[in-house]
Amino acid sequence: MEQSEREGDRPAGAGGVLVIPVDALVIVPIRNAVLFPGMILPLTISREQAIHAAQQAVKAESPVGILLQRNAEAEAPAGDDLFDVGTVASILRYVTLPDSTHVIVCQGEQRFRVTEYLPAYPFPVARIVRIEEPAESDREIEARLIRLRERALEVLHFMPQISQELIHAVKSISQPGALADLVASITEIKTADRQNVLEAVDLPTRLDVVLDCLLQRLEVLRLSREIDERTKASMDQHQREYLLREQLKSIQKELGEGEAGNALEIEGLRKAIGEAQMPEEVASQANKELKRLERMSDGSAEYSMIRAYLDWLVELPWREPEPDRIEMAEARRILEADHFGLEQVKKRIVEFLAVRKLNPNGHGPILCFVGPPGVGKTSLGQSIARALGRRFVRASLGGVHDEAEIRGHRRTYIGALPGNIIQAIRKAGSRGCVMMLDEVDKLGSGIQGDPSAALLEVLDPEQNDSFRDNYLALPFDLSRMLFITTANVLDNVPGPLRDRMELIELPGYTQEEKLEIARRYLVGRQIEQNGLKAGQIEFSDAALLAIIRDYTREAGVRSLERMIGAVCRRAAVNIAEGTIQRMQVDGSELPGILGPIRFENEVALRTGLAGVATGLAWTPSGGDILFIEASRTAGDGKLILTGQLGEVMKESAQAALTLVKTHARSLGIEVAVFEKCTVHVHVPAGAIPKDGPSAGVAMFIALASLFTDMPVRNDTAMTGEISLRGLVLPVGGIKDKVLAAMRAGIDRVLLPARNRRDLDEVPAAAKERLTFVFLDDVDDAVRGALPEARLKDGQDGSAAGRLRSGFP
């Protein structure tokens, strides 16, 4: 039916007043407000529907139904947009303001519920059912009434704008429903909560809803009051302190005592300068600065700068350090107790300590411990300090790229401080401490200068007796200090700085050494750190070996300690939960705790095919094995290199292919085959950059294996540089490479003959387990790596041609 037709069917009365059924009410929708029975509420109405509805009620002298909108944004709310429960209200007054705003003053009479909305009216009209107020009363309702009144009075106490008449009304109302409606209307609670109160016909439910809202509001009001009081107290305290300071200044000025505090401070500094046993030049500068300080006001910006400078001068240890108390037997005991293995390193440290004992005033060398992470470089420095009876301080140089970190900033800069060297000495409290400069190979350089150049003076025994820090601008004697540096690699250390240090290389540990270190140190330390007791967890040797072999592949023991800590944490969880009292770790539990095996012996698997050789590489974290894979396809004689190889390694591959071509006749390879194929050499782990000449032998053997179709021995690894004449040249890092081969399960290692002397540094356990084959030329490599190969007598005068055929 069209709107015009419905309007024509509306029931109309006298004077244009619409007839509303007896059981129906004109509905006035409102936003963000709820009217309760017995309450008077002024409402501002601006929508045409609401204005017509209010005017209709005024003309007919009939009550209206006040309903809250569900959606406050709706401009013409229909049935679904309004709540079902509202309040029957009589309009006490209808006012039209000068700005055309319509205001009605309503008084709530009774709750009602909408049953249906009637059509054909220009405003909402609904049939309703009036809801009678419950009159029951029992002890529970009375108890809720008393509690509601108490909470309401507490809330009103926090609201000073509430009139006394309202407080009296709360105290005097005895009807539970009426009190709940009154409290809900006067308390600042959410509109949705007020609607919930209006819909709660049951008295216990209504009282509980109002009580919950009051408790939340009361907590907010209490917190707000506390914040206001704290803020006021803080402001009052600051104002009080300011006034007292101003009064104190005025009193001191009147009595002539304004400089008394400064005078005491100056006298204290003068006494401290006299007791610091400074050299003459330093004492003269300190007294000069002190005189300047006396003439300054404590409010001056320069006052605090000079005071901080004098504090540094006073607190630095200028006096001569006490002589070392070196007992050789005790020093050996400390080194043996703190570290397992490292026999050559301990021997050199004992020699160093013996020289210090016999010549205390001599300029000893600057020791530099070089080795992969986790082998004990820092802890060796601590052991040396214990053996000397000196204090130990550590300064980390990793990432330092500003020269001022070493020499300090000039005092003209805001926030200037001495460099790390002077700061560490102040912390140690002695000029004779042991200072470890950690990670010296990780120094950077930039526009702020080169920190490694600043270290040249620090680490030179001939110069550091008059080291000048930029902040102090005075000479400081570092010659009595013992400097120890650490580095992972020396390639990044400048030559002049490296020349001032004596290098002591720390090799990686063998499996047996790691097992012993885990038994002696790591297990006990992790048990203590994870809150366990010695009897609550026990590691078998098989479990420790499994962790070493299957979950860690490193030169040091840091990862090993982390894995042991993970097992201890699992035991701590089970013991804390009470599921077990003691945990025995024998190896079978490791996959469930540490996950699947991370490392497995893949040498045999990789070298089962022709064209694959196992090389040995050196990394900053120790040695590692390196697979060289070669393949050929039909082509035009090109060489393809992949695996993110550096220039030197690419040149080694080209030299290896040239050598294979040169030795083709002796290896039984047809020369024509090289022109008909494309050779592809790949080094796996392509995400890792690789460079260096030491893979030359492995590349030559991989290519020889490819073209002779003979697999390389799967128990053999090799290293060495090659020349175009077929010679095998020496390489570095032999000790780390040999240990890596042993960790990977290799039995035979091919080394350049000129590296034979480097085996003196290899641990005895590695020498016993491995077989070493020394190479003078590539033919020796063929004999050692390709067991099925038979070199033929050459006719071209090459090294291969001069070698007799056959193998031992």
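## Overall dimensions

The chain has a radius of gyration of 46 Å, whereas a compact globule of 808 residues would have one near 28 Å. These values belong to a predicted model. Along the principal axes, the C-alpha trace spans about 135 × 95 × 60 Å.

## Secondary structure, burial and surface

The secondary structure of the chain amounts to 29 helices and 24 strands. Of the contacts between residues at least 6 apart in sequence, 72% join residues at least 24 apart.

Buried residues account for 47% of the 808 residues in the chain. The chain exposes about 40500 Å², and 50% of this area is supplied by carbon and sulfur atoms.

## The largest nonpolar core

The largest nonpolar core holds 58 residues, and the members that touch the most others are Val-28, Val-64, Ile-66, Cys-106 and Leu-148. Helix 7 (residues 203-255) contributes the largest share of this core, with eight residues.

The surroundings of Cys-106 can be described residue by residue. Apart from neighbours within four places in sequence, Cys-106 is in contact with Leu-35, Met-39, Ile-40, Leu-41 and Leu-43, and also with Ile-66, Ala-89, Ser-90 and Ile-91. Two residues in this contact, Cys-106 and Ile-66, are both among the core members that touch the most others.

## Aromatic pairs

The structure contains five aromatic pairs. One of them joins Phe-674 and Phe-707 in a tilted arrangement, with 4.7 Å from centre to centre and 50° between the planes. Phe-674 lies in the loop between helix 24 (664-667) and strand 19 (677-682), while Phe-707 belongs to helix 25 (residues 696-708), so the pair ties together parts that are 33 residues apart in sequence.

Phe-674 counts as buried because its relative accessibility of 4% falls under the 20% limit. Phe-707 is likewise buried, because its relative accessible area is 8%, again under 20%.

Tyr-309, Trp-312 and Tyr-471 form one aromatic cluster.

Methods. Residues are numbered from 1 along each chain as its sequence is written. This is a predicted model: local features need pLDDT of at least 70, side-chain atom pairs count only at pLDDT 80 or more; totals for chains, interfaces and linings use all residues. Side-chain values use heavy atoms; hydrogens and water are left out. Rings of Phe, Tyr and Trp (its six-membered ring) pair if their centres lie within 6.5 Å; planes under 30 degrees apart count as stacked, over 60 as edge-to-face and the rest as tilted. Helices (H or I, at least four residues) and strands (E, at least two) are DSSP runs, numbered from the N terminus. Buried means under 20% relative accessible area, exposed over 50%, partly exposed in between (1.4 Å probe, protein chains only). A nonpolar core is a set of buried Ala, Val, Leu, Ile, Met, Phe, Trp, Tyr and Cys residues joined through side-chain atoms within 4.5 Å. Contact means heavy atoms within 4.5 Å. The radius of gyration is taken over C-alpha atoms; the globule rule is 2.2 Å times the number of residues to the power 0.38. Accessible areas come from the Shrake-Rupley method with a 1.4 Å probe; for residues, only the protein chains shown count as cover.
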